[in-house]
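Subject: Structure for you to look at

Hello,

Here is the structure I said I would pass on. Please open it first, then read the notes below alongside it.

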Number of protein chains: 6
Amino acid sequence: MTDTLRPDGRTANQLRPVTIERGWSDQAEGSALISCGRTRVLCTASFTNGVPRWMMGQGKGWVTAEYAMLPRSTNDRMARESIKGKVGGRTHEISRLIGRSLRAVVDMKALGENTLVIDCDVLQADGGTRTAAITGAYVALVDAIEWGRTHGFIAKKATPLIDSVAAVSVGIVDGEPRLDLEYREDSRAETDMNVVVTGRGLFVEVQGTAEGAPFDRNELNNLLDLALAGAVDLTEFQRAALANTAESESR
Amino acid sequence: MTDTLRPDGRTANQLRPVTIERGWSDQAEGSALISCGRTRVLCTASFTNGVPRWMMGQGKGWVTAEYAMLPRSTNDRMARESIKGKVGGRTHEISRLIGRSLRAVVDMKALGENTLVIDCDVLQADGGTRTAAITGAYVALVDAIEWGRTHGFIAKKATPLIDSVAAVSVGIVDGEPRLDLEYREDSRAETDMNVVVTGRGLFVEVQGTAEGAPFDRNELNNLLDLALAGAVDLTEFQRAALANTAESESR
Amino acid sequence: MTDTLRPDGRTANQLRPVTIERGWSDQAEGSALISCGRTRVLCTASFTNGVPRWMMGQGKGWVTAEYAMLPRSTNDRMARESIKGKVGGRTHEISRLIGRSLRAVVDMKALGENTLVIDCDVLQADGGTRTAAITGAYVALVDAIEWGRTHGFIAKKATPLIDSVAAVSVGIVDGEPRLDLEYREDSRAETDMNVVVTGRGLFVEVQGTAEGAPFDRNELNNLLDLALAGAVDLTEFQRAALANTAESESR
Amino acid sequence: MTDTLRPDGRTANQLRPVTIERGWSDQAEGSALISCGRTRVLCTASFTNGVPRWMMGQGKGWVTAEYAMLPRSTNDRMARESIKGKVGGRTHEISRLIGRSLRAVVDMKALGENTLVIDCDVLQADGGTRTAAITGAYVALVDAIEWGRTHGFIAKKATPLIDSVAAVSVGIVDGEPRLDLEYREDSRAETDMNVVVTGRGLFVEVQGTAEGAPFDRNELNNLLDLALAGAVDLTEFQRAALANTAESESR
Amino acid sequence: MTDTLRPDGRTANQLRPVTIERGWSDQAEGSALISCGRTRVLCTASFTNGVPRWMMGQGKGWVTAEYAMLPRSTNDRMARESIKGKVGGRTHEISRLIGRSLRAVVDMKALGENTLVIDCDVLQADGGTRTAAITGAYVALVDAIEWGRTHGFIAKKATPLIDSVAAVSVGIVDGEPRLDLEYREDSRAETDMNVVVTGRGLFVEVQGTAEGAPFDRNELNNLLDLALAGAVDLTEFQRAALANTAESESR
Amino acid sequence: MTDTLRPDGRTANQLRPVTIERGWSDQAEGSALISCGRTRVLCTASFTNGVPRWMMGQGKGWVTAEYAMLPRSTNDRMARESIKGKVGGRTHEISRLIGRSLRAVVDMKALGENTLVIDCDVLQADGGTRTAAITGAYVALVDAIEWGRTHGFIAKKATPLIDSVAAVSVGIVDGEPRLDLEYREDSRAETDMNVVVTGRGLFVEVQGTAEGAPFDRNELNNLLDLALAGAVDLTEFQRAALANTAESESR
């Protein structure tokens, strides 16, 4: 690691300040407002007894996610996708990523025929919105599953959650591998990688993209080292937010 | 006025608790997170120098608004309009109402060829979202116009704002005219009215609808009395939020 | 009232010539071609036994409306909404207004599990199309309900219609409150109001909008006076059209 | 020809009663409300100086058409294409047919850089709506072209119309070739053919479709004989409607 | 017939080289890659046991078709209809034509409650894509029906195919009637006609369009002569392709 | 590596048979029909002089890609995205991946203000369609760039291609890391990874997803080893296809 100063003065392997406001919503079965630096994502988990028709009768549940950005979450206002009449490729791609990441830690049999929809709405964007969404969505998911158990839709002894999951971005900026890029860094990174990691330290997703020059095996390894270390910290923030069990009775 | 108790214990002519967090967004030229009871709306104002092509060369500005609800702002999750691929009638109608209400207090000549887009995103809904949106949008608008002046897009001596504007809902519930209905009241009101009033006490919009039985002239007058009194209070909340001028330099 | 001459020579409190051609369509269960001056709207009422799935089993009926303009009903040709691929905000808003206005005079229990869809297609537009649509739609509705009774879908002794309904526009033009604005007046009115009134003189909808300067309580009262008087005349035209009962057997 | 009675008592080679109300619309540059039996189509022609961008600078004009049916023009109400969000295949196909048919009799060079859009809206449908639309559209087109000449957009001596055009349906019902099918006949025809013919008796379009059994060369010839004779009569109705030149000054 | 040389040296009544690669697809129940000169269309037939809900219980099957062009099948790249978000008029029209043409030779009762969807995707376009699609689709259809019989969905003794069907384009170019136009001819033809003919020589569709000057009865007859002769040859190519029965077991 | 037999008898580190038919299309500036086992993708490259408006004047070119599947490329027929009216998330995601992969080896300055659109249409799908598309698209891209040079749109001495690019899928099936999964393997893989590699052996994209159990660092390394070895072979197939320079003059 070199001594290059990052825009906000962090070291290369340091996360931005993280806060997780669990139970932010009065309406949802689970919710969390996560902030990673200036990036703020509202995650709500909606619990429904029953599954889509094509899944009925298999004794398994379903978890899906939808990601969106408020039009003025970014520095320049974006047109609303509802007004454009279609969901863009990037939005689709991120929604699918969040859904897969959450499903990787859920035992669908233990969940039973229940559906969880996690909405991740970016209120303010400063890089790393998809990874913040995954980290926050996990907290909302835990509370919504607990709600399902309390209300008798999930068996008392079932353990639908087999692990926790968090995500972080890493990238190579000015030749230096860095953790948790903010927007100013992200927009000029040579390589950008989003890594989704479970509480046990296993990979759920590794998505590395050469934005500028292609990268070699050594760079890839350095980025993975950074990401695994960052994920350990994020997992700790999740645990802290979930420690106060009283809040899960938000509804 | 009778002594009927309202669901949250208010009297018939009492507003819910109101808070306006001005400058909530780091990105927008003006912003306000308004809460009216459990209803919470994030209002951001985006300032753009220039106007749409069809308005160019007339020396006049433009103000428009877009309203939307997060899918889980309500008690039951709604499908996203971006995914349905079209904006619903109610959304359109409210967006148009907010835009008209704001334009009523803006002198487009004084604004010059500048465009303001006000986004009102409902984070949590408990009745009165459109009126809360108008009240919050005005605060965001003031800051965005001030931003335009500070950045040299609006003449120093111009006064684009000719009045302030706020809005409130009133309705007849169990035969009693009431101010500022929460969702439980709104859903069983016989008559529902949204009233948009300027700081000087003039009407910008009066939209009364018989949901159950039609209403007579006397009931209409009682509702207007309640609304005008409520608007005075809301105007005061707006003034208080705008008093701290330092905050307007949010960007 | 001042003596200002209106574009077509009417006094401020005078309706344009009204004609209602009941039973214009050979296909619909009820229909009326209404003309208010040069504004012409074809209203057809379609009767279907049964209700949408989400209403089944409640013993109640449903009434809904759809409003549209032919592309060359206006002075300049408008693009078709079918070709644009979406229904505009104004169209949605008016369709919803017409539906609510009609439902206000229908006893859904007495209607039974039957659905009425009222289509209001503007063949020629010269201001006041939404109010003409409501006034004409009521006539079509009466005949379609009668058709339902004749064909055994509505009980002989049931009275689904609890009142009649008509609508008129009023506005302030050159400082003068006027009844039933034609397009040339409507386009430069300071305040524009659509009022929906039952045969008994009660309000179903009051929608007043300041297009230019906001309006005060006194102006509002003057406009309501004009509207209530105009509605009495329109109700009379409806009665006259419905008097000739032989026509209701158009199908 | 056999003596089989048709549903309305016509002989096999007889048209339904035809009326053409020229200048029905106060707004359009040309218009005609055509009735062929119970089929009624409102045709309006909109004249615009100038052509679409991709045609500019070639000194040629453009003629296009749009066909649509009101939702309750038919016996059972159809959903609006604007609400379905897309134009159906049948609608597209007929719009294209009408446009081609009209263009076949227009000299685009003589028309100059002007655009004519012909809207054909079916107010009531009882078979033969596309052919009635073509026959009526021609009348509207003539008046709109004349309007363009009067207003100086078309050269005084130019002759943009090189022929007239009319259309009629023919078909084989119960083994018998018949002219101008009404809906009851059309829906059970073995073969259905739409023929577009100029005033000089030349073919613009021949569209024959075997709905039931395929047809042989002899049947095809019989159908063409019927169609050519019917077109002569329709051309005469057009001439009569256009004879009263005073009406063309409708705007 | 004159001696005018055609772009590729054919005589006026000569088809382009035809090849039919039956069983091109490993996945579909029936398939054929047809080439007519440089025009290449991949036709696949998908067999499904059962019919759409609105047809259930009638003991009849259904055959439908969808036509599309790859974006770079043409000389200039076209935008994808999936990205434009709607299917164009021409695409709809051709899909409907192919479906009708195939249904004309299928006995729906004998097919039983089974559905066949024929996809015709133009890989390369050089005129005559819709007619090549019909000719190739028939071959795919035969194999898919045979697949249905082999798999027990169609009765052993049923004969769903009552005839074969092929199609060809004809047109008048430089005053000369010609068979099977390639794109260079098609784009400047005065009259263009698509003719769909059964193996027994009966007409299923005759669609003649004057692109330039209208045509007379004599020209029409010459075009039909050419088309009927060409159809005989195409029918022979279909027979040859279907002769090798081993290939029908492609799946 | 274990001795587990794969469905088609390959060893774990063996590619399926690869063929690349360069210049398959007569219309496109570059084209290749690539087969990887039963997966067949038609790749066409369209060259346009000029760039989209938002890129003009920067002296840089643009490369983009669109991926789509024919409805019956798969074992069960899929609905067309053009008919559904929107492009699905998976399609978007893959189109973006192909575009990024190609751009990684193009020097946009050297390309000059020219646009290349690469269409990858899956004619038959048996796993690995996106990676086959990238490998084939590169071949089409080379020829289209050469076409641009021959036709004077790219400077003689410019070298827009700075490397070659190919892609391959790897995955863990039954606990064994395997190269180039066919559909039967892909659908039950525990982990699935797509790797895009340049001719020099650098990574452009690494996209690993745990479909079943999350994977550890060791498994990740084994998969990358397999992918890099496979990419070397694919690069060789590309070189062989491009060796026959005569073919590049396909148009």
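Two chains are in contact where heavy atoms lie within 4.5 Å. By that rule, 37 residues of chain A are in contact with 37 residues of chain B.

Before the rest, some conventions. This is a predicted model, in which local features need pLDDT of at least 70 and side-chain atom pairs count only at pLDDT 80 or more, while totals for chains, interfaces and linings use all residues. Residues are numbered from 1 along each chain as its sequence is written, chains are lettered from A and ligands numbered from 1 in the order in which they are written, and side-chain values use heavy atoms, with hydrogens and water left out.

Chains A and B

The size of an interface is often given as the accessible area lost when the parts come together. Buried area here is the accessible area (1.4 Å probe) that two parts lose on being put together, summed over both. Between chain A and chain B it is about 3,100 Å², and carbon and sulfur atoms give 45% of that. Of the area that chain A buries against chain B, 24% comes from A:Trp24, A:Gln27 and A:Arg72, more than from any other three residues.

How many salt bridges are there between chain A and chain B? The count is 12, where a salt bridge is a side-chain nitrogen of Lys or Arg within 4 Å of a carboxyl oxygen of Asp or Glu. There are also 24 residue pairs in polar contact between chain A and chain B, both residues being at pLDDT 80 or more. A polar contact is a pair of N or O atoms within 3.5 Å; within protein, one must be able to donate a hydrogen and the other to accept it, and residues adjacent in sequence count only if both atoms are side-chain atoms.

On the side of chain A that touches chain B, the elements that give two or more residues are strand 3 (39–49), strand 4 (62–69), helix 1 (81–84) and strand 5 (114–124) of chain A. Helices (H or I, at least four residues) and strands (E, at least two) are DSSP runs, numbered from the N terminus. The residues of that side of chain A divide into 14 nonpolar, 10 polar and 13 charged. For this count, Ala, Val, Leu, Ile, Met, Phe, Trp, Tyr, Cys and Pro are nonpolar, Asp, Glu, Lys and Arg are charged, and the others, Gly among them, are polar.

A:Arg77 lies in the loop between strand 4 and helix 1 of chain A and B:Glu66 in strand 4 (residues 62–69) of chain B, so the pair joins two chains. Buried means under 20% relative accessible area, exposed over 50%, and partly exposed in between (1.4 Å probe, protein chains only). A:Arg77 is partly exposed at 26%, and B:Glu66 is buried at 16%.

Chain A and chain D do not touch, and their nearest C-alpha atoms are 11 Å apart. No contact joins chain C and chain F either; their closest C-alpha atoms lie 11 Å apart.

Salt bridges within a chain

Over all chains the salt bridges come to 136. In chain E, the side chains of E:Arg10 and E:Glu185 form one (3.6 Å, N to O). E:Arg10 lies in the segment before strand 1 (18–22) and E:Glu185 in helix 5 (residues 183–186) of chain E, so the pair ties together parts that are 175 residues apart in sequence. Both E:Arg10 and E:Glu185 are buried.

C:Arg22 is in strand 1 (residues 18–22) of chain C and is buried, with a relative accessible area of 7%. Its side chain makes a polar contact of 2.7 Å with that of C:Asp143 and reaches the backbone oxygen of C:Leu242 at 3.5 Å.

B:Lys157 sits in the loop between helix 4 (129–150) and strand 6 (165–173) of chain B, exposed at 81% relative accessible area.

Finally, helix 2 of chain E is mostly covered, with 11 of its 15 residues buried; among them are E:Gly89, E:Ile94 and E:Leu102.

Regards
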